[in-house]
Every structure is written in C-alpha cells, then in structure tokens.
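Please open the structure in the viewer and keep the sequence panel beside it.

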Amino acid sequence: MWQHDKYSNTFVPGVLPSDGSQITACYTRLSQEDEQDGDSGSILNQRDFLLKYCTDLRLANVFFFSDDGYSGVSFDRPGFKELMDLVEQGRVKSIIVKDHSRLGRNRLAVGLLMERFEDSGVRYIAVADGIDSEKGLDDMVAVRELFNEFYPRDTSKKIRAVLTSKGNSGQRLCTQVPYGYTGNKYGWEVDDEAAQVVREIFRLCMNGLGPMQIAKRLKAAQILTPTAYKLQRGYSVPNHPREDPFDWDSRLVAKILDRMEYLGCTVNFKTRKKSYKSKKTLVLPPEERKVFENTHPAIIDRETWERVQELRKNKRRPTKTGRQSMFSGLLYCADCGAKLHYCTTVSFEDRQNHFVCSNYKSNTGTCSAHFIREVILYDIVLADLRDTIAYVRDYEQEFAQAVMDKSYAEQRKTTAQKRRELDQAQRRIPQLDTLFQRLYEDNVSGKLSDERYSKLAKGYEDEQRELTERVKVLQAELDEAQGKAVNLDRFISLVHENLELAELTPKIVNEFIRRIIVYAPDKSSGKRTQKVKIIYNLIGDVPKHARKTA
C-alpha cells in the first residue's frame, strides 16, 4: 500500500487515516502476458494514469495497491488481498482501476466481486472502459468480462503450442538445472561435488536403504541440501524458504532417485497445468512424456538406475520391530505370483524370521504358505551365487554362449507369438472396413434396419479401435525386443568384482538378483524339500546345464 507525496513527487509507504475515514483505492496489476502490450500497460504508467485521474477529480485519501507479475486469472495476489481486507473492514470508499481487465480475467470471479463491492457499499470505477457502478452497470460490462477471459485463454493456447513444439523437438522445457549439474537450459555439465552426493544416494539405495534412511544419513553427515548448496555457490533459487541447510527429507531423496536426467536424458512434458485458470500442476504418467537420450553427460549408469527403480517399485517397509531383510521385495510365490511377506517379532531369534505368501493369511486365503526361513534362504542364495561366480570364472566363454542361446530361444519364441498376433490384427483391420461398407449399403437399401445397423457398426468400431491400439503396442514391443540384448558384459564385470564372495550384503543382492521364486514344499518323499528359483539381473535365469558344469 502506497501514497503519493506531492512535495517530493514520489511514492511512499501508506498510513491509513487515524480518524477511521474511508480511502480511495487505486489498483494496478500486470502479468507476463500483459507485458506484450508494451510500456502503456506497465505498472508505472497505470499508476501515473490513475494519479492524474484522482488529482483532476480532487479525490482525498488516495492509496495505491499493486501486483506486478500476477495473472488476472488467479485472485491469490498480495496487493489485491491487502485491498480486500480493507474492504471487509469498511475502510474503502472507492476502487479505481485503469481498465476492467486489471481487476481480473476470470468472468465468474469478477462477477462475484462486483456483487461484493455493491454489498459493501464500495464504488467501482474502470476509467478507460467507462465503467462506474454509481451510474449503473450496462450489459456491455458482461461482454467486456467475457472478452477479458478470452485473452488469457487464447494466450495460454499459443504458449502451450509453442512449448509443445519445442518439447517434441528435444529442446529442454525446464528452466531449473537439476542438482548435480551446472549450466542453463541449453547445456548442462556435471558438477563434480554435487554429482558425488547423487551417486552416494543411489549407492545407499542399492544397499537396501529407503529414502527416509538415506535422508537421515545425509543430514548426520552434514551434507548441504540442493537448495543450500546452490545458494552457497551463488546460484539463483526462486521462492526458496529459509531452511536448515542440512535438513534432507525423504521426498527430496525420492525425487532424486526418480530423475531420468541423471542418465543423460532430457525429459519433457513431466507435468502440465489443469487449465489456464488453475495453478494446480498435474504429474503426467511416464508414457505421456518425451525422453531424448544422450543430451548431456550421465551421472548414473543405466543398469544402476533401472535397478533402483525396481527396488523403489518394491518398497521395503521396516517391520514394527525395526528389522528388515535384504530379501524383502524380491520373493514371489511360484503358484499365485504374489509377494512373500517378511515375518518377525521382537521375541524371534534370527533362525525364526521367515517369509510367507501374502495370499496365505493363516490358511484362510487363496494360496498355501510357501513358508521359508530367512537363514535357509540366505544359504541357498549364497550357494547359488557362489556356484554361478565360480562357473563364470572358470568357463566364461561357455557361460556366455549358454546364456545367449537361452536368451535367443526365449526371445525367438516370444517374438514369433507377437508377430503372429500382429499379422492377424493387421489383416483384420481392413476386413472391418469392408464390413462397414457392406453394412452401410445394406442399411441404405433397406435390407438392414437403422437399429440393427447401429448395433453392428458400434461392435465393429470398438473392435477396430482395440485392434489399432493393440497393433501399436505389439509393434513397439517388437521394436524394443529387436534392440534389446542380454547385458552379459555388465554381469561378467560384476562377477569379476566379487570373485571371493564371503557373505551376502544388500548391495550384492540388489546388484545380482532381480527376483526369487519360491515354490511350495514337497513332502511326497517323506522329507521336506523346497525348490527356489533365482532370476538374476541382466541375464535372467542361469541355464541349467551351466549350473551342472559348475
């Protein structure tokens, strides 16, 4: 709130009259879209225009309220809210704006405001539009409000079209550089110090820690948060709150773990606004985003990033006792496909901790227990992993050939099935066009009633739409399978890093194992035996003859 000092010809902070008399409120507003109109619409020119108007009419107690950089669609503006507080207190006699659009560009909200001014006894004047509530409002006010609303909607469409074009061409749409990089939206370079923290976050996740646990470790180590780090380096951080510079939280860690930008990718269209009237941001699903690879140096390798996403998808929540198993989230039931839950209590010894099928539910569910003790599972996994490592060490070429042969056979079988389905769908789609034509001719000739025609046509349309979508999915899957190969080099490299495997750790388990399939126990021989199948990262299931050779 400001007042004009006629002696110094400057604007100074305003002080309301102590006698409680009412004021004349001049309101100015400018948004980024309005700046396209040039200097004539600037806050300074609006203020000078209103000052002259009030001076010419010799109005008393003139105060100025301003919102620079605020859209007229929203009414969450500091200057406007300050003004409306005074209206509620009965301290405002008149509100004057240069033109009606300065008040707002939301037709329904502006209409309610006009009623509110009338109920409060406030005179409203829009000088350039000739609006004065004291003289009555004609029908043209509603027309102006409608056109004022069209303006931001039209501007929003144009801006969205430009951003869509840029985003589809691979130009970055984000203006803030992610933590771990330096530069601007046109080019990013790795910030070595911050990148080391990013790598540590991913390493801790691979070690089995969740975002909350990682945040606690970073805070204990007195690592600056991304905001505090950028401020320390003199980078611009818009709208940053004052905070503890070491106060990491789980949401911040989770956001870093989710960002594909650390793979060297540009990711556009991650969010969008619900509408030009709303500030609410909607997060778009991954399939609606545009990803452009190798646009800047990577901080995290793809294998680590993909494994972390798998771990994050299968979140490992600590039990009430605080205990957590390195195998949690990896075990699946061979019969129903559900996960196996980790069971432990404070009274359990280590040998009593176990896993059971989540569909078992104390023999009242839809599946059997598939019970397996954690210590037994540990021994099985360690032995299998040691056998695999020993085989790779001693027979690397034979191992590679066995894995490639198995992968090729599985891929060939899957690809053949998908190609058959794709061919059938592609043949059926033009057949449906022919059937449409025959239906139409029969309907025109009177052989087929309108009701029957509508029913059959809808069925064919639904089938054709579903087939068209299925063709897109199948084609994408075939293209992906063609370019995807078993990553033997990475797996063999992992083996060479762990030739002397003494024990299992969360990091080892997460690097090597994708899932563990647990079968129901077999007691037919009089002894309890149980099959466990281990699916490895990068290569899948190790071929049986490879295990036997080892």
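Is Cys 367 buried or exposed? At 12% relative accessibility, Cys 367 counts as buried, where buried means under 20% relative accessible area, exposed over 50% and partly exposed in between (1.4 Å probe, protein chains only).

Before the next selection, note that this is a predicted model, in which local features need pLDDT of at least 70 and side-chain atom pairs count only at pLDDT 80 or more, while totals for chains, interfaces and linings use all residues. Residues are numbered from 1 along each chain as its sequence is written, and side-chain values use heavy atoms, with hydrogens and water left out.

**The whole chain**

Zoom out and colour by secondary structure. The protein has 16 helices and 19 strands; these are DSSP runs numbered from the N terminus, helices being H or I of at least four residues and strands E of at least two. Of the 550 residues, 38% count as buried. Among contacts with a separation of 6 or more, 64% are accounted for by residues 24 or more positions apart, a contact being heavy atoms within 4.5 Å.

**Aromatic pairs**

Display the rings of Phe, Tyr and Trp. Such rings (for Trp, the six-membered ring) pair if their centres lie within 6.5 Å; planes under 30 degrees apart count as stacked, over 60 as edge-to-face and the rest as tilted. The structure holds 15 aromatic pairs. Select Phe 11 and Phe 64: their ring centres are 5.1 Å apart and their planes stand at 90°, so this pair is edge-to-face. Phe 11 belongs to strand S2 (residues 10–13) and Phe 64 to strand S4 (residues 62–68), so that the pair links distant parts of the chain, 53 residues apart. Phe 64 is buried, at 4% relative accessibility.

Tyr 179 and Trp 248 form another edge-to-face pair, 6.2 Å from centre to centre with 65° between the planes. Tyr 179 is in the loop between helix H5 (140–169) and strand S8 (181–184), and Trp 248 in the loop between helix H8 (226–232) and helix H9 (250–258); the two are 69 residues apart. Tyr 179 is buried, with a relative accessible area of 6%, and Trp 248 is buried at 4%.

For a cluster, select Tyr 391, Tyr 395, Phe 399, Phe 491, Phe 512 and Tyr 536, which ring pairs link together.

**Arginines over rings**

Arg 515 lies over the face of Tyr 332, at 3.9 Å from the ring centre. A charge sits over a ring if NZ of Lys or CZ of Arg is within 6 Å of the ring centre and within 35 degrees of the ring normal.

**Helix H2**

Select residues 78–88. The buried residues of H2 are Gly 79, Phe 80, Leu 83, Met 84, Leu 86 and Val 87. Seen down the helix axis, they fall within an arc of 155°, so they line one face; the arc is that of the directions from the helix axis to the C-beta atoms. What covers them includes strand S3 (23–30), S4, strand S5 (92–97), helix H3 (100–103) and helix H4 (107–119). After H2 comes Gly 90, with a positive phi near 75°.

**Helix H9**

Select H9 and look along its axis. Val 253, Ala 254, Ile 256 and Leu 257 are its buried residues, and they lie within an arc of 160°, so they line one face of the helix. They pack against helix H6 (192–206), H7 and helix H10 (302–313). The face turned away from the buried side carries the exposed residues Arg 251 and Lys 255. At the N-terminal end, Asp 249 caps H9, with a side-chain oxygen 3.0 Å from the backbone nitrogen of Arg 251; a polar contact is a pair of N or O atoms within 3.5 Å, and within protein one must be able to donate a hydrogen and the other to accept it, residues adjacent in sequence counting only if both atoms are side-chain atoms.
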